Structures are given as C-alpha cells and as structure tokens.
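Reader: I would like to learn how to read the features of a structure like this one. Please take me through them one at a time.

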Amino acid sequence: MHPFKLATDWFTAVAAGWLFWNHEMVTALLVGFVPSIVVSLYMIMRVDLGRLADTPLGKYVASPRTRPSDGIRFLGLAIAWWGAWMNQVLPVGVGLAVILIGWGKGLLGRRPV
C-alpha cells in the first residue's frame, strides 16, 4: 500500500462524507471513487511497487486474507456515508469503527511470513 494511495483514499472518503452530509450525492460519489481509481491506475502503470511489496504492509496487502477485510472496510465506508447522508454522527462513528476492525482483522489474522 503506497502512502499516497492510502492518503488519497482517506482524504476522498472524508471529503465525500462531507458532501453526503450536505446531500450532494453525485458529487460525493465522484469525489469518493474517481480519484482513488485514477491514483490506482496511475500507480499500477507508472510506479515501481516492488520496493513496497517487500515491506510488512506490502506483504499484508498481497495476502489472500485481505480480501474479506476489504469487504469489511467497504461496508464500514458505506455505513459512514449513509450516516453522513442521514446527518447522524453515530453511524459515521460506527462506520469508522468497522473500517478499523477491517484493518485489524487482517493484521490480527496474520501469521509470520
């Protein structure tokens, strides 16, 4: 996981949440997904990710155990955005907690490589 990609994902998720809070659905969806997709494509085509693959985080991301964790994190994002759309702080917090659980689930389930 490249730090720029991670920062893009977090920043756009928060920005989209703010847009959802203001009921700007189309803009929120564009902000929430398009930059992350563009950065991912750019990195796949132009960035040497070989150095990152050998780091502990790179090995974690490449692990098959991360696929269920990806789903959990996406579920958390959906809950947070729904909470923002409903102008309710509690679901936003629950969504954030689910995202963190998704990250933790993959990290806790790791076995030494």
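Author: We can start at the surface. This is a predicted model. In the nonpolar patch, helix α2 supplies the largest share, with seven residues.

Reader: Which residues form the nonpolar patch, and how much accessible area do they have together?

Author: The members are Met 25, Leu 29, Phe 33, Ile 37, Leu 41, Ile 44, Met 45 and Phe 74, and together they have about 810 Å² of accessible area. Leu 29 is one of those found in helix α2.

Reader: How should I read the accessibility of a residue such as Leu 29: is it buried, partly exposed or exposed?

Author: Compare its relative accessible area with two cut-offs: buried is under 20%, exposed is over 50%, and partly exposed is in between. Leu 29 has 35% relative accessibility, so it counts as partly exposed. Phe 33, at 31%, is also partly exposed.

Reader: How many aromatic pairs does the structure hold?

Author: There are four aromatic pairs. Take Phe 33 and Phe 74 as a case: their ring centres are 6.3 Å apart and their planes meet at 35°, so this pair is tilted. The reasoning is that an angle under 30 degrees would count as stacked and one over 60 as edge-to-face, with the rest tilted.

Reader: Where do Phe 33 and Phe 74 lie in the chain?

Author: Phe 33 belongs to helix α2 (residues 25–46) and Phe 74 to helix α5 (residues 66–85), so the pair ties together parts that are 41 residues apart in sequence. Phe 74 has a relative accessible area of 48%, which makes it partly exposed.

Reader: How are the rings of Phe 33 and Trp 81 placed?

Author: Their centres are 5.6 Å apart and their planes are at 85°, so that pair is edge-to-face. Phe 33 in helix α2 and Trp 81 in helix α5 are 48 residues apart, and the pair links these distant parts of the chain. Trp 81 counts as buried, at 9% relative accessibility.

Reader: Which residues form the aromatic cluster?

Author: One cluster is made of Phe 20, Phe 33, Phe 74, Trp 81 and Trp 85.

Reader: Let us turn to charges. How many salt bridges does a search of the whole structure find?

Author: The general idea is that side chains of opposite charge can pair when their charged atoms come close. Here the search finds two salt bridges. In one of them Lys 5 pairs with Asp 9, and the closest N and O atoms are 2.7 Å apart. Both residues are in helix α1 (residues 3–21), and being four residues apart they are separated by about one helical turn. Lys 5 is buried, with a relative accessible area of 14%, whereas Asp 9 is partly exposed at 23%.

Reader: What does Arg 73 form a salt bridge with?

Author: Its partner is Asp 70, with the closest N and O atoms 2.2 Å apart. Arg 73 counts as buried at 15% relative accessibility, while Asp 70 is partly exposed at 27%.

Reader: Which ring does the charged end of Arg 73 sit over?

Author: That is the ring of Trp 103, and the charged end of Arg 73 is 4.3 Å from its centre.

Technical notes: Residues numbered from 1 in each chain as written. Predicted model: local features only at pLDDT ≥ 70, side-chain atom pairs only at ≥ 80, totals over all residues. Heavy atoms only, no water. Phe/Tyr/Trp six-rings, centres within 6.5 Å; stacked < 30°, edge-to-face > 60°. Helix = DSSP H or I, 4+ residues; strand = E, 2+ residues; numbered from the N terminus. Buried < 20%, exposed > 50% of the residue type's maximum accessible area, 1.4 Å probe, protein only. Lys NZ or Arg CZ within 6 Å of the ring centre and 35° of its normal. Patch = residues over 30% accessible without salt bridge, like charges linked within 9 Å, V, L, I, M, F, W, Y side chains within 5 Å. Areas by Shrake-Rupley, 256 points an atom, 1.4 Å probe, with all protein chains shown as cover. Salt bridge = Lys/Arg side-chain N within 4 Å of Asp/Glu carboxyl O.
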